[in-house]
Amino acid sequence: MSPAMELIPTLAILLVAGLPALGAGQTATLDLVSEAGYNAVAITADVPVIGASTDTTNLSGSLEVRLGIDPSTGEVGEFTVLSGNVTGTGVTLSRSVFLLGSYNVSATSLGATLVTPVPPGPVDPPTGNFDAARHTFTINSGSLGGSATVLGTTTPVTLDFAAAPLSGAGSGTGNVSLVLTGSTPTSRSYEVNVLVPVSVSDSFPVSDDPGALEAEVTASGTVKARGTVTIPVSPYETWSVANAIPGALFGDDANGDGVPNGLQWGLGLAADDVPFPRLLQPGGAAGDTVDFKLTLPPGGSAGALRVLVATNPAAGAFSTLGAGAVSTGNPIPAGTSGVVTVSLPKTQALFLRLQAIEP
C-alpha cells in the first residue's frame with residue numbers, strides 16, 4: 001500500500017519575529033546642536049524672603065543612543081539613551097530686595113547626564129513621539145558659590161551638584177525624526193533629530209548652618225541632538241521595494257495567492273510571478289523511495305530554503321528534514337537553480353512543507 005503523503009505548497013510557515021529593527025537596534029552618536037531655543041536650560045534659584053533669579057546655561061556634548069528602526073518604513077520604535085554626558089556654560093544668579101536682603105551666586109561651568117534608566121525607551125512609530133519621562137536628566141557636577149544676606153545677616157552659599165545632584169525625569173512629549181539621506185542595495189542612511197524636554201527641581205540649604213534657608217532650584221529646557229545612522233537592508237526588503245510592495249512583511253501574502261511574500265522572494269521569483277510550478281511537486285517512485293521535485297528558476301533561488309517534515313501536520317510538529325534526503329542538502333542554499341530532489345521512504349507516511357528562511 002502506498003503511504004499517505006500530502007504536498008502542502010500554500011501552507012509554508014514562516015517565522016517572523018515582529019519588526020526587524022526592534023531587536024538589538026542600531027547604535028549612533030548624536031551631538032547636541034547649537035540652535036536658538038534648544039539646549040538653553042534655564043536655571044532658577046528661589047530663595048525665601050528674597051525671591052527668584054534665573055540664568056541660562058548653554059549645553060554641549062553628545063549622546064550615545066540605540067534606535068530601533070524598521071528599514072521597510074523608516075519608522076522608529078525605540079529610542080534609548082545609553083549614555084549622555086554634556087557640559088553647560090556658567091551661570092550667575094543674583095537678586096536684591098530693599099531692606100530684606102540679597103544673594104549673588106555663580107558657577108563657572110556645569111555638568112549633566114541624560115540617560116534612559118529603564119531601557120528600552122518605546123516610541124510611537126507613526127509619529128516618532130515618546131514619553132520624555134522615560135529619560136532622566138541630571139546636573140551632577142559644578143557648584144553655585146557666593147553669599148546671601150537676609151535681614152542684615154550674611155552667610156556663604158554653596159550648592160554643590162556633585163554632592164547633591166539636581167535630577168529628575170524628562171517632562172512632556174519628546175520626538176525622534178528621521179530624514180533619508182542615502183540608500184544603497186544593502187543599506188539606508190538617515191539624519192536623526194531628537195528632542196527631549198526636561199524640567200526638574202529640588203531644594204537645597206543655602207549653607208551648612210543648622211536651620212539655614214532652603215533655596216528651590218529648577219532647571220528646564222529642551223535638549224536637541226542630531227546625528228546620522230546607517231542601517232542594513234535585507235535582500236528581502238530590497239526585493240519588496242523593487243516589486244512595488246515596500247513594507248510588505250515576510251510572512252504576509254501581498255497578492256493573495258496563498259504563497260507568502262518571503263517564499264516568493266526565496267524562490268527567486270518576482271512578486272507577480274505564478275509560484276506554483278516552482279513549489280514541491282510529486283516526482284514518482286523508485287526503489288524504496290518516493291521523490292518530490294523542486295524546480296528552481298535559471299537565475300537561482302534568492303534565499304535559503306528549508307524542507308520541513310511531519311507525521312501529523314495538524315499538530316504543527318514540523319521539523320527540518322534530514323540533509324541526506326535532499327539532493328542539495330537541507331537547507332537548500334541561496335543561488336540554487338534547476339531541479340532539487342527530495343526523497344522519502346515508502347514505508348512511512350510523511351507530510352512536507354517548504355519554508356523560506358528570513359535573512
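**Figure 1. Threonine 136 and what it touches.** Skip the neighbours within four places in sequence, and threonine 136 is in contact with Thr113, Leu114, Val115, Pro117, Ser167, Gly168 and Ala169 (contact means heavy atoms within 4.5 Å). Threonine 136 sits in strand 8, residues 136–141; helices (H or I, at least four residues) and strands (E, at least two) are DSSP runs numbered from the N terminus. With a relative accessible area of 18%, threonine 136 is buried (buried is under 20% relative accessible area, exposed over 50%, partly exposed in between, with a 1.4 Å probe and protein chains only). A note for every view: this is a predicted model, where local features need pLDDT of at least 70, side-chain atom pairs count only at pLDDT 80 or more, and totals for chains, interfaces and linings use all residues. Residues are numbered from 1 along each chain as its sequence is written, and side-chain values use heavy atoms, with hydrogens and water left out.

**Figure 2. The salt-bridge network of Glu35, Lys224 and Arg226.** These residues are linked in a network of salt bridges, a salt bridge being a side-chain nitrogen of Lys or Arg within 4 Å of a carboxyl oxygen of Asp or Glu. Glutamate 35 meets lysine 224 at 3.0 Å, N to O. That pair ties together distant parts of the chain, 189 residues apart: glutamate 35 is in the loop between strand 2 (26–32) and strand 3, and lysine 224 is in strand 14. Glutamate 35 also pairs with arginine 226, their closest N and O atoms being 2.7 Å apart. Here the partners are 191 residues apart, with arginine 226 in strand 14 too. As for cover, lysine 224 counts as buried at 12% relative accessibility, while glutamate 35 is partly exposed at 27% and arginine 226 is partly exposed at 28%.

**Figure 3. Arginine 66 paired with glutamate 78.** The structure holds 3 salt bridges, and one of them joins arginine 66 to glutamate 78, with the closest N and O atoms 2.9 Å apart. Arginine 66 is in strand 4 and glutamate 78 in strand 5 (residues 75–97), 12 residues apart. Arginine 66 is buried at 19% relative accessible area, and glutamate 78 is buried at 5%.

**Figure 4. Helix 1 and its buried side.** Tyr236, Glu237, Trp239 and Ser240 are the buried residues of helix 1, which runs over residues 235–242. They cover an arc of only 160° around the axis, so they end up on the same side of helix 1 (the arc is that of the directions from the helix axis to the C-beta atoms). Among the elements covering them are strand 14 (214–232) and helix 2 (261–266). Just past helix 1, alanine 244 takes a positive phi of about 65°.

**Figure 5. Glutamine 264 in helix 2.** Glutamine 264 lies in helix 2 and is buried, with a relative accessible area of 2%. Beyond neighbours within four places in sequence, its contacts include Trp239, Asp257, Leu269 and Pro275. Glutamine 264 and phenylalanine 276 are 12 residues apart in sequence and 9.8 Å apart in space, C-alpha to C-alpha.

**Figure 6. A nonpolar surface patch around valine 49.** Val49, Leu100 and Leu151 make up this patch, with about 270 Å² of accessible area together. Patches take residues with over 30% relative accessible area and no salt bridge, joining like charges within 9 Å and nonpolar side chains (Val, Leu, Ile, Met, Phe, Trp, Tyr) within 5 Å. Valine 49 is in the loop between strand 3 (40–47) and strand 4 (51–70), and at 48% relative accessibility it counts as partly exposed. Accessible areas come from the Shrake-Rupley method with a 1.4 Å probe; for residues, only the protein chains shown count as cover.
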